[in-house]
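Please consult the sequence and coordinates alongside the text.

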Amino acid sequence: MWAELLPVGRSASSGGYRRFAWNSADAECRAWFEEQANSRGLTYELDRNGNQWAWLGDPQAEGAVVTGSHLDSVPDGGAYDGPLGVVSSFAALDELRSRGAEFSRPLAIVNFGDEEGARFGVACVGSRLSTGVLSREQALELRDADGVRLPDAMERAGCDPAAIGADGDRLARIGAFVELHVEQGRYLAEDQPVGVASAIWPHGRWRFDFHGEANHAGTTRIEDRRDPMLTYANTVLAARKKARLAGALATFGKVAVEPNGTNAIASLVRGWLDSRAADEQTLAALVEEIRQAAYERGERDGVRVELTAESFTPVVEFDGPLRDRLARTLGRRGRGGVPVLPTGAGHDAGILASVVPTAMLFVRNPSGVSHSPAEHAEEADCLAGVAALADVLEDLACQP
């Protein structure tokens with residue numbers, strides 16, 4: 001399975017992946033998922049929001065156990081973020097069948113659409129729509145960098161955009177959701193290939209618009225300039241400093257410039273801030289400090305600054321009883337003390353946690369690198385993750 005997915009959407013120049021929502025690479029990944037479901041005799045479903053489901057047992061029954069992740073990527077992302085969870089889910093089912101496991105609850109594997117938000121700017125679109133966190137009206141207005149609307153992209157890919165919206169009935173039938181994911185950091189010890197998630201830090205995305213005045217780079221005196229690039233650059237530096245002092249994270253990783261000419265002073269610089277912290281109070285204070293720094297510098301530079309909050313996910317504490325059950329199950333299976341640790345990365349599991357008992361497993365990433373072609377996990381650790389997920393699913397879905 002892993003070998004089949006590796007070449008899909010991979011850039012020959014960077015080695016990273018460009019599997020963006022509803023593009024051709026995403027379509028290949030989705031076709032692969034459907035093939036995996038059919039080859040195992042599972043019932044394949046495409047829900048109203050474009051999420052893919054593969055069911056063992058009755059999809060309409062109550063108390064289903066669900067696992068899975070996503071197959072899309074950030075620009076030039078790594079191979080493991082998302083796909084490891086989907087591949088491991090199918091592999092865990094294969095393992096359970098080889099054990100002769102008898103299922104007492106329906107089991108489903110899911111591929112949530114547009115988790116990374118690389119194309120339309122909002123993360124976890126598929127799960128946000130299903131839970132109602134993202135409204136139908138908001139989704140219909142989402143556009144990519146080329147001005148293509150989300151519903152138009154979905155329609156071109158064969159999905160019906162008229163159907164999108166909250167899917168409460170489906171979620172109400174889920175008894176537990178467990179997502180396996182590659183660790184996006186380097187916190188698991190050398191003797192601990194698998195960990196259990198405790199919580200997801202609150203995080204969000206904010207857009208800063210720096211409005212200046214376009215002018216000639218070669219003839220405009222320094223004192224006559226209203227250069228938004230200067231204000232933007234100072235804001236980036238301020239964000240780094242203030243995040244370090246707060247024990248939090250702040251990143252400007254995306255920028256757009258107008259008119260974007262080498263010999264022209266920009267009229268507009270638009271930068272997107274990604275910020276995360278251990279608690280919501282710290283995060284709110286940090287973003288406010290960055291905003292104040294931008295506004296103060298903008299006044300000095302003659303640049304008008306606007307701030308727009310584009311998305312926000314509050315702190316997610318995973319279901320305590322389910323989290324503890326996972327840790328106990330893995331402990332009983334000879335894995336010793338299983339580490340329980342928080343993460344600063346967002347996931348579909350974090351969105352579902354508001355309506356479904358949810359937990360996560362992490363597979364060790366020795367490099368600590370993610371959202372990059374250098375992202376990596378050792379094969380032995382990936383197999384340990386499959387075994388751990390199989391143990392967890394057996395405990396949840398095969399009990400009388």
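The notes below are grouped by topic and begin with salt bridges. The model is predicted. It holds 22 salt bridges, and the residues of its largest nonpolar core number 51.

**Salt bridges**

- Side chains of opposite charge can pair when their charged atoms come close.
- Arg18 and Asp76 form a salt bridge in which the closest N and O atoms are 2.9 Å apart. Because Arg18 belongs to the loop between helix H1 (2–5) and helix H2 (24–39), and Asp76 to the loop between strand S3 (64–70) and helix H3 (83–99), the pair ties together parts that are 58 residues apart in sequence.
- Arg18 is partly exposed, at a relative accessible area of 37%, and Asp76 is also partly exposed, at 22%.
- Asp144 and Arg119 meet through their side chains in a salt bridge, with an N to O distance of 2.9 Å.
- Asp144 and Arg119 are both buried.
- A salt bridge also joins Arg297 to Asp301, with the closest N and O atoms 3.0 Å apart. Both residues lie in helix H9 (residues 280–301), four residues apart, or about one turn of the helix. Arg297 and Asp301 are both buried.
- A network of salt bridges links Glu95, Arg99, Asp391 and Glu394.

**Nonpolar cores**

- In the largest nonpolar core, the residues touching the most other members are Trp32, Phe33, Phe90, Leu326, Leu330 and Leu361. Helix H12 (residues 379–397) gives the most to this core, with 10 residues.
- Beyond its neighbours within four places in sequence, Phe33 is in contact with several residues, among them Tyr44, Trp53, Leu71, Val86, Phe90 and Ile109.
- A second, separate core has 21 residues, including Trp53, Trp55, Ala197 and Val356.

**Helix H8**

- Helix H8 (residues 228–246) has 19 residues and reaches 27 Å from its first C-alpha to its last, close to the 27 Å expected at 1.5 Å a residue.
- Which residues of H8 are buried? They are Pro228, Thr231, Tyr232, Thr235, Ala238, Ala239 and Ala243. Viewed down the axis of H8, these buried residues fall within an arc of 125 degrees, so they line one face of the helix.
- On the face of H8 turned away from the buried side are the exposed residues Leu237, Arg240, Lys241, Arg244 and Leu245.
- Packing against the buried residues of H8 involves strand S7 (203–211), strand S9 (249–258), strand S11 (268–276), H9 and strand S12 (304–313).
- At the start of H8, Asp227 places a side-chain oxygen within 2.9 Å of the backbone nitrogen of Met229. Gly247 follows H8 and has a positive phi, near 70 degrees.

**Helix H9**

- The 22 residues of H9 should span 32 Å at 1.5 Å a residue, and its end C-alpha atoms are 31 Å apart, which agrees.
- The buried residues of H9 are Leu283, Leu286, Val287, Ile290, Ala293, Ala294, Arg297, Gly298 and Asp301. Their arc around the axis is only 130 degrees, which puts them on the same side of H9.
- Gln281, Glu296, Glu299 and Arg300 are exposed on the other side of H9.
- S7, H8, S9, S11 and S12 are the elements against which the buried residues of H9 pack.
- Asp279 caps the N-terminal end of H9, with a side-chain oxygen 3.2 Å from the backbone nitrogen of Gln281. Just after H9, Gly302 takes a positive phi of about 70 degrees.

- Ser11 is located in the loop between H1 and H2. Is Ser11 buried or exposed? Ser11 has a relative accessible area of 10%, so it is buried.
- Not counting residues up to four places away in sequence, Ser11 touches Gly16, Arg18 and Asp76. Arg18 and Asp76 are the partners of a salt bridge described above.
- Between Ser11 and Phe90 there is a separation of 79 residues in sequence and 26 Å in space, C-alpha to C-alpha.

Technical notes: Residues numbered from 1 in each chain as written. Predicted model: local features only at pLDDT ≥ 70, side-chain atom pairs only at ≥ 80, totals over all residues. Heavy atoms only, no water. Salt bridge = Lys/Arg side-chain N within 4 Å of Asp/Glu carboxyl O. Helix = DSSP H or I, 4+ residues; strand = E, 2+ residues; numbered from the N terminus. Buried < 20%, exposed > 50% of the residue type's maximum accessible area, 1.4 Å probe, protein only. Core = buried A, V, L, I, M, F, W, Y, C linked by side-chain atoms within 4.5 Å. Contact = heavy atoms within 4.5 Å. Expected span 1.5 Å × (residues − 1). Arc of directions from axis to C-beta. Polar contact = N/O pair within 3.5 Å; in protein donor to acceptor, adjacent residues only side chain to side chain.
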